[in-house]
Amino acid sequence: MELLQSLLNKIYDTQIYACQNYFRFTIFSFLIFWVILPHQLAHFRIQPRTKTKTKVILQEIGFSFSAFLVIGVINWFFDLVIPDDRYGLFYDNYYNEISTYGWIYFVLSVFLMLVFDDTYFYWMHRLLHHPKLYYKVHKIHHYSVDPNPFTTYSFHPLETAILFFGYRLVPSIIPVHHLAVNIWLLLTLLNSVVIHLGYEIYPQWFTKSPLTNWKTPSTHHNMHHEKFKGNYGLIFTWWDKMMGTEFPNYQAKLEAVQHKKIGLKNNK
Ligand SMILES: [Zn+2]
Ligand SMILES: [Zn+2]
């Protein structure tokens, strides 16, 4: 009974804020793009027709919710195994004063966490597409061929555990400040919601400029959901380019979407 109480407390303490944050962003963007303004924003649509059924969206909300429960259970387990470690297994690299390493390092550390995060995700994502893992695990994330904001954290519990391991690992690679970790977590959440939006909101100047064209726009991950084998990257396009996994027609599709050649035909 005491164990169960400590489990429920741990889930509540560590996950309530993250869960609220996730549903705040996903509900807001879903209401704007999928419920209130789909006609007005039709020229931002990536896939011409949405085939996503309400039943699938409800399943995705359920799996998203379960992801926070799974993370709470893992946190609780880590606490049982390593009771003295305040931040968990890999959180030894925290420093308290920004002046310890300076502001330039602070900004660089956020960028490096995004790079490590993207690298970890790319390779785990490739692994999850292995037939032995895809049908039993990763298929849940691919229920939506045309993703929506609730697809973002719609994961099988094992996939949640694999990805969460990366979240605990990334801040252990370099010294990090708490604020930098929070900024990284916020940026990675925002990025994940945007790439599952179903709409392309990155302007052409951004995706064409050599200064920014290495950031994945929404179309990049949307094509992964539509065609499955390719565009595995989460934040940057580097790994797909290096490993030859970027869809050959990705640039053409992106330009077509940005030229507003595609509309939401079934809602006209
Ligand atoms: Zn996938
Ligand atoms: Zn996805």
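These legends describe views of one predicted model.

**View 1. The whole protein chain.** The protein chain holds 10 helices and two strands. Along the principal axes, the C-alpha atoms fill a box of roughly 60 × 45 × 35 Å.

View 2. Of the 268 residues, 32% are buried. Where contacts join residues at least 6 apart in sequence, 74% of these contacts are between residues at least 24 apart.

**View 3. Helix 2, residues 54–81.** Helix 2 has 28 residues, and the distance from its first C-alpha to its last is 41 Å, close to the 40 Å expected at 1.5 Å a residue. Its buried residues are E60, F63, S64, A67, F68, V70, I71, G72 and I74. These buried residues pack against helix 1 (2–36) and helix 5 (157–169).

**View 4. The crossing of helix 8 and helix 10.** Two packed helices are described by the angle between their axes and the distance between the axes. For helix 8 (residues 218–227) and helix 10 (residues 250–258), the axes come within 10 Å and cross at roughly 115°. The crossing is right-handed.

**View 5. Residues where helix 8 meets helix 10.** Helix 8 contributes T219, H220 and M223, which meet Y250, K253, L254 and V257 of helix 10. By class, this contact has four nonpolar, two polar and one charged residues.

Note on methods. Residues numbered from 1 in each chain as written. Chains lettered and ligands numbered in written order. Predicted model: local features only at pLDDT ≥ 70, side-chain atom pairs only at ≥ 80, totals over all residues. Helix = DSSP H or I, 4+ residues; strand = E, 2+ residues; numbered from the N terminus. Buried ≥ 20, exposed ≤ 12 C-beta atoms within 10 Å, placed from the backbone. Contact = placed C-beta atoms within 7 Å. Expected span 1.5 Å × (residues − 1). Axes fitted to C-alpha atoms, helices over the stretch in contact; angles between N-to-C directions. Left-handed = near helix turned anticlockwise from the far one by under 90°. Nonpolar A, V, L, I, M, F, W, Y, C, P; charged D, E, K, R; others polar.
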